[in-house]
Amino acid sequence: MRHKSRPQGCACGCGPGCVHARLADAIPLVSSLLSSTARDEGLVIAIADREARLHYVDGDSRARSRAESIGFTAGANWSEAQVGTNAPGRAVARGEAVSIHREEHTRPDVHPFSCSAAPLVDPVTGEVLGALDVTGGDAAADRRTLALVQATAAAVARELRLAGVPVGPPPHTSARLRLVHHGRPCIETGTATHALTDRHAELLATLALKPQGLSADEIGALVYPDGTPPATIRGELLRLRRRLDTIPGAPNLESRPYRLTGPLLIDAVQVTEHLRRGEHDEALELYRGASLTHSEAEPVVDLLRSTSGSLREAMLSDATPETLLRYLDLPEATDDVESWHMALTVLPPRAPQRAIVLTHLEQLDTRLRQAN
């Protein structure tokens with residue numbers, strides 16, 4: 001495969017130990033494991049960095065020429081924020097392997113292509129360094145190809161570990177409390193997740209929002225039903241302290257007043273911060289639906305209601321058609337008639353997604369008439 005492209009030197013200029021230099025070191029291994037499949041199946045191989053910028057592109061020469069027609073070349077930014085749904089962008093953003101079939105791509109000019117990608121992970125820190133991608137026809141998104149891409153990404157991680165060079169930044173010192181990922185509430189530290197009870201999640205959110213600390217009585221007034229004995233509240237706080245002690249990287253819990261000894265990010269707060277900066281796609285990457293939908297804890301209820309409202313307002317006022325369609329995939333948007341009508345307003349007249357939106361609106365109208 002003579003037809004290939006690579007960036008000249010390190011993209012960030014920080015020397016041989018940097019991310020881009022280490023990704024470049026992985027190219028021979030990737031080529032040796034994937035080149036024969038790429039040649040036989042007419043595929044393109046690509047390595048993207050952690051911003052989803054293509055660092056290296058190789059593969060079947062005819063497939064490469066077709067890919068170049070859509071801008072799939074070394075140096076191009078294929079993050080989902082830039083080009084919509086695609087495999088390398090999603091693998092970097094979510095840290096998981098994915099296959100994207102033709103029409104699932106956001107851009108119509110990418111519909112002739114399918115792709116599979118897996119994240120490239122720093123074996124020391126667990127950080128996502130980039131993604132390994134295979135792009136081409138339908139074969140690029142079948143299960144066999146995805147498994148091959150995942151196996152190659154794992155081989156790259158093993159080689160990086162054997163090299164003994166830390167290639168990513170140091171692990172994050174801040175844990176993150178996940179409340180809006182449409183799953184059980186949990187603490188996330190690096191790539192690990194640690195499940196929490198609903199009550200512990202409520203207590204942690206309250207304490208994270210009140211870094212100056214709270215007394216047991218104040219916590220009781222904010223989180224617990226009226227009449228809960230102080231001994232019950234203190235006992236639960238003690239159990240929470242013991243739970244935090246089992247989570248590497250999580251803050252500790254001190255008393256008098258009760259407060260967290262280190263930072264604890266809350267994904268719902270980060271969603272709002274992204275929205276304030278106009279980063280709608282980044283906000284949607286974090287927000288997949290509230291976990292504590294039945295919570296009665298005042299700080300949690302206020303936080304989730306505010307985050308959901310801010311996200312909806314941003315989607316209706318500023319989002320691109322592609323981002324608005326992603327928002328409509330959320331559970332809370334299923335019956336949001338105004339948001340679905342807004343999608344019809346912003347979608348181009350010939351957009352294929354209009355048929356999906358119209359069908360959904362007809363179903364909503366039928367349900368409303370039946371309910372009345």
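Predicted model: local features only at pLDDT ≥ 70, side-chain atom pairs only at ≥ 80, totals over all residues.
Visitor: Why is the pair of Phe-72 and Trp-78 called edge-to-face?
Guide: Rings pair if their centres lie within 6.5 Å, and planes over 60 degrees apart count as edge-to-face. The centres of these two rings are 5.1 Å apart and their planes stand at 75°, so the pair is edge-to-face. The count comes to one aromatic pair.

Visitor: What makes Phe-72 buried or exposed?
Guide: Buried means under 20% relative accessible area. Phe-72 has 3% relative accessibility, so Phe-72 counts as buried.

Visitor: And Trp-78, buried or exposed?
Guide: Its relative accessible area is 4%, so Trp-78 is buried.

Visitor: How do you know that the charged end of Arg-199 sits over the ring of Tyr-224?
Guide: The CZ of Arg must be within 6 Å of the ring centre and within 35 degrees of the ring normal. The charged end of Arg-199 is 4.3 Å from the centre of the Tyr-224 ring, and it sits over that ring.

Visitor: What lines the largest pocket?
Guide: Its lining has 35 residues, and Arg-94 and Arg-176 are among those nearest the centre. They divide into nine nonpolar, 13 polar and 13 charged. The volume of this pocket is about 1500 Å³.

Visitor: Which helix gives the largest share of the lining of the second largest pocket?
Guide: Helix 13 does, with four residues. This pocket has 20 lining residues, including Glu-104 and Asp-329 nearest its centre. Its volume is about 520 Å³.

Note on methods. Residues numbered from 1 in each chain as written. Heavy atoms only, no water. Phe/Tyr/Trp six-rings, centres within 6.5 Å; stacked < 30°, edge-to-face > 60°. Buried < 20%, exposed > 50% of the residue type's maximum accessible area, 1.4 Å probe, protein only. 1 Å grid on protein atoms, 1.4 Å probe; cavity = no way out; pocket = protein on both sides within 12 Å on 5 of 7 lines; lining within 4 Å. Points joined across faces, edges and corners; volume = space filled by probe spheres on them. Nonpolar A, V, L, I, M, F, W, Y, C, P; charged D, E, K, R; others polar. Helix = DSSP H or I, 4+ residues; strand = E, 2+ residues; numbered from the N terminus.
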